Amino acid sequence: MSSPVAQPAAPARRNGGFGRFLRRLVPWVGALALAGLIVAGLWPKPPIVETTRVATGPLRVTVNEEGKTRIKQRYLVAAPVAGYLRRVPWKAGAEVSANDTLLAVIEPLPPALLDVRARTLAEARRDVALASVAKSREAQKFAASELKRIEQLGKDRVVSPQEWEGFQAREVAATRELAVAESNLKQAEAELREFSVTPGVANSTQTPVEVKAPVTGRVLRVFEESARVVNAGTPLLELGNPAELEAVIEALSRDGAALTNGTRVELEHWGGPQPLRAQVRLVEPAAFTKISALGVEEQRVNVVVDLLTPPEERLSLGDNFRVEGRIILWEEPRALKVSSGALFRRGPDWAAFLLVTNTVQLRMVKTGRSSGAETQILSGLREGDEVILYPGDRLKDGQKVQPTVIAPAQ
């Protein structure tokens, strides 16, 4: 009678045991999933790298320095004589013609005027000079008559030769005193004539001095514009021809030593759309010390370059204008090159990481010239090879990587 009651209870116990098993299994599955997530999160991933390609193209090595333009021949016009300078009508930029354009006129200075006291003293000196002349004339006349009488007595041998010579000396001295007195009289009379000169009017016997342009060109500077009294040698104007320009570039002495006459130069940022063509004419033999913006002492030398661009293509360029010079030391139209950021030192040599199917391979390369941003490749890489940019110390030979943007060489 008891068995029919016990038979339906067996499946319930089996189902309850399986449920308990599942409940015990769920935490383990969750723990395994969590551990898998942690492992997946901590699993090392390939580093992300930026790549570039080895290309063939133009490459040049340049020295870039600031400079300024200057006119080759400058002419400083100065006052040839002392006098009263009339007002100069010229302004900077005015065109002048050689031996034709009148630049300035210098009038003779009027004599200094005498006041009442000075005139009285001058008249007194004139009166004294007149009296001295009269006295000296009488003394000379008396000495001459005495000498004449002595000469007659000398012929009759009445006086001795010594006495005769003494009278001759007195007559000569009297003649000289008369000459000095007459000279003093002329000086005193000249001082009195100055008083009769009209103020502001120069001596009519002297003509103004005209200063004409010595060269055809333009006025660069006007030093004396207003009318005033000037001394001989006073600078008046500065002239030059803006069409005859050159540029002076301050380069480091080590760069200047590598330059030769005829080296190509490009002048940029001068104000025009295209760079100006130029070439090196002279590297000055003496260098000078200059403090850089960082406070470092540098030995620099002036590099003088001639402009080859025609003047009609640079009409707006003038004297002392700022330019940026690009001196071309070396140039190759078809050079195998790569970005300098892809190269690094490996011992005494250069090396690069080549990218092959997302795996880096170490390549030793031989380099040539460098422009700073790009470097010439002589061996070790080929055109089209993809290399790692800025690898640093995080990459090793054979390591997997994840490339991103490819930056081809310019």
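## Positive phi in two loop residues

Tyr390 lies in the loop that joins strand S21 (386-389) to strand S22 (402-406). The model is a predicted one. Although Tyr390 is a residue other than glycine, its phi is positive, near 50 degrees. Most residues other than glycine have a negative phi. Tyr390 counts as exposed because its relative accessibility is 57%, and the cut-off for that class is over 50%.

Thr357 is also not a glycine and has a positive phi, about 45 degrees. Its position is in the loop between strand S18 (349-356) and strand S19 (359-370). With a relative accessibility of 66%, Thr357 is therefore classed as exposed.

The table sets out the values for these residues.

| Residue | Phi | Loop between | Relative accessibility |
|---|---|---|---|
| Thr357 | about 45 degrees | strand S18 (349-356) and strand S19 (359-370) | 66% |

The remaining values concern the protein as a whole. Its secondary structure consists of 22 strands and five helices. The protein has 410 residues, of which 32% count as buried. Among contacts with a separation of 6 or more, 77% are between residues 24 or more positions apart.

Key. Residues numbered from 1 in each chain as written. Predicted model: local features only at pLDDT ≥ 70, side-chain atom pairs only at ≥ 80, totals over all residues. Heavy atoms only, no water. Helix = DSSP H or I, 4+ residues; strand = E, 2+ residues; numbered from the N terminus. Buried < 20%, exposed > 50% of the residue type's maximum accessible area, 1.4 Å probe, protein only. Contact = heavy atoms within 4.5 Å.
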